[in-house]
Amino acid sequence: MKALPRTEFGNPILRTKAKAVPLKSLRTPKMKKLIREMLLTMHKTGGVGLAAPQVGESIRLAVMETYSTEHRPHLEQRGPIVIVNPRIIQYSTILKKDWEGCLSFAPEHVGATVPRPSSITVEYYTEKGEKMVERASGLWARIFQHEIDHLNGVLYVDRLKDMKDLMTRNEFKKRKVKK
Ligand code: ZN
């Protein structure tokens, strides 16, 4: 199994509202294969989330996982999870800015400190079609929001209030040390 080719910023599929996934289709070999390949693609690229439109499928499905990586050595293992037809049902009023990059934006060492609600409640279906309601905060909440944005044709750059927040990962690390 190979990592899937990824769509990149500028590709119209990343600006399209993706279609709901019929839950019955989760049982098909085609969908199971897509999920396996998306998980593999996320791992091989060192990402913590990947949405279907990023691999050319305009459907409301994404995968998420945190684990310790070169850039985030202290991250706890969480997931992997598959989120199908996710919907955020509650947002905190408190916004927090933190680092975000995107697997569709090459070079990947460019990103931004993106303001987002610090906690959310999200509803989604698992790959088995089970309905989940989850309260999330911190990085996990940020990943949910970033991936769900992808399903709505929204990219993290759209969330910036100030283009000065766009920076390289090295610059972000320098700022963190200064604070
Ligand atoms: Zn992204």
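Lys24 lies in the segment that precedes helix α1, which spans residues 29-44. The model in which this residue is seen is a predicted one. With a relative accessibility of 66%, Lys24 counts as exposed, because the term applies to values over 50%. Lys24 also takes part in a positive surface patch, whose other members are Arg27, Lys32 and Arg36.

Lys2 is likewise placed in the segment before α1. Its relative accessibility is 69%, and Lys2 therefore counts as exposed.

The zinc ion is the next topic. Three residues coordinate this ion: Cys102 through its SG atom, and His146 and His150 each through NE2. Along the chain, the donors of the zinc ion are spaced according to the pattern C-x43-H-x3-H. Cys102 is found in the loop between β4 (95-100) and β5 (110-117), whereas His150 belongs to helix α2 (residues 138-151), so this pair ties together parts that are 48 residues apart in sequence. In contrast to the exposed Lys24, both Cys102 and His150 are buried; the word buried denotes a relative accessible area under 20%.

How values were computed. Residues are numbered from 1 along each chain as its sequence is written. This is a predicted model: local features need pLDDT of at least 70, side-chain atom pairs count only at pLDDT 80 or more; totals for chains, interfaces and linings use all residues. Side-chain values use heavy atoms; hydrogens and water are left out. Patches are made of residues with over 30% relative accessible area and no salt bridge: like charges are joined within 9 Å, nonpolar side chains (Val, Leu, Ile, Met, Phe, Trp, Tyr) within 5 Å. Accessible areas come from the Shrake-Rupley method with a 1.4 Å probe; for residues, only the protein chains shown count as cover. A salt bridge is a side-chain nitrogen of Lys or Arg within 4 Å of a carboxyl oxygen of Asp or Glu. Lys and Arg count as positive and Asp and Glu as negative; His and the chain ends are not counted. The place of a charge is taken as NZ of Lys, CZ of Arg, CG of Asp or CD of Glu. Helices (H or I, at least four residues) and strands (E, at least two) are DSSP runs, numbered from the N terminus. Buried means under 20% relative accessible area, exposed over 50%, partly exposed in between (1.4 Å probe, protein chains only). Donors are N, O and S atoms within 2.8 Å of the metal (3.2 Å for Na, K and Ca); water is not among the atoms, so sites may look incomplete.
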